Every structure is written in structure tokens, then in C-alpha cells.
Amino acid sequence: KNSRNLSMYRIIYGLFKRMRLIDLESLRQEILSKLRGKILDIGVGDAGNYRYYQKSAKVTILDFEKKMLEFAKKTIPTKKNYTFIYGDAQNLSMLKSSSLDAVVVVFIYCCSVLNTVTALKEAKRVLKKNGRMIVIAHVVSKNWILRMHQYVMQPFSRLVIGSDMARDTRSDILKAGFKIIEERTTGWTDVFKLFIAKRK
């Protein structure tokens, strides 16, 4: 697992927004607000997902850093339907198979999880047959100039925010046994992607 720097995350995400590389709030409004039932949210991040879930949803928040869970507990105004779990996305043994309606992952699979395929297979296990896997991630670009820049920035990104800038998240989703039902570029480059997938 890679450690995360929340302050640096906020600074860099703010920069991404100003550059119009990603409009995360619009994606959250469009996608997360439609989810129902039991939801697993992996990785606290900026704790921004929770403004968009329906009040009736039962949300489990998982993070491998206790300070991030404490941050989420302080940030979320009402915790009636929330459960907070300290754990690793690569091992969801505390959750029953086929028990969840959705798994939501914003940036964590491209950053803090070392083995993305293992984590995705665990997510698939806990999802119901018709459940949805929602992944928002920065991925390796198909544009050679952007891709070269990503590889050059890789050591800095790993050191400062624990983020891997050049993962092929799409391939990892397919390797884990998911079927991608929607894929969308979220900015003016192909670096930021939304994937919606389901179990095959």
C-alpha cells in the first residue's frame, strides 16, 4: 500500500479542476446519486462522494489508513447509514460474497492499491450478480507525448501523493473478470476515465 498525503491531494486535484482535466463533481452528481442499496466506497479521498449518495443508501467506507477514516467521520454530517472499516481493498474477507449493489472507487485503484487486479477480483466477489463497479481513475494516455510526460512524472507522483500515473486500469478491469458497460473520458485529454462495469 502507498501512503497518501491528503493536503497534497487537495492541491493537485484543485490544479486538475482549474486546468479542466476532470469535473469530478459532475460525475459524482450524475453517477453516484443514482446508486441504491448497499454500497462499498473504497478510499476516503477528499470525502466528497458522500454528498451525492441517496439518504436511503447503506454505505460502507473502507480505507487502509486510520487517519483517513477519522477524517471521513468528521466530514460526513450524518453517519446513520454509514459503516467505517479499516482494511485493504485487496482483501475484503470481512464482507460477504454477492452482498453489495455497488462498489465505488475514485482514484484509489490508480494510486494506493499495489495489485489492482487482486483488488478488482475482491470487488467482483462482494458484488451481487447485477451490481455495478464504478471506477474513476487517471490512466496511461494513448497520446505518446502525454504518456511520456506521465512516465517522467511517475517517481515524483509516487513520492509526493503515493500515486501511479501510468496504470492501464481498463485492462486490469477486464483481467479481473468484469464486463465494461460504459467508458468515458472525463476531460479534454484521455488521462482521466470513468468506467462502469458489471460481473460477467
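**Strand pairing and surface features of the predicted model**

Strand 1 (residues 38-42) pairs with strand 4 in the parallel sense over 4 bridges, where two strands are said to pair if DSSP finds at least two bridges between them, and where strands (E, at least two residues) and helices (H or I, at least four) are DSSP runs numbered from the N terminus. The structure is a predicted model, in which local features need pLDDT of at least 70 and side-chain atom pairs count only at pLDDT 80 or more, while totals for chains, interfaces and linings use all residues. Residues are numbered from 1 along each chain as its sequence is written, and side-chain values use heavy atoms, with hydrogens and water left out.

Strand 4 is also joined to strand 5 (residues 127-138) by 6 bridges, and these two strands run parallel. Within strand 4, V104 stands opposite D41, and the bridge partner of V104 in strand 5 is I134. Strand 4 (residues 100-106) is mostly covered, since 6 of its 7 residues are buried, buried meaning under 20% relative accessible area, exposed over 50%, and partly exposed in between (1.4 Å probe, protein chains only).

L27, which is found in helix 2 (residues 24-31), is buried because its relative accessible area is 6%. L27 and N49 are 22 residues apart in sequence, and their C-alpha atoms are 10.0 Å apart in space.

By contrast, K80 lies in the loop between helix 3 (66-75) and strand 3 (82-86), and K80 counts as exposed because its relative accessibility is 75%.
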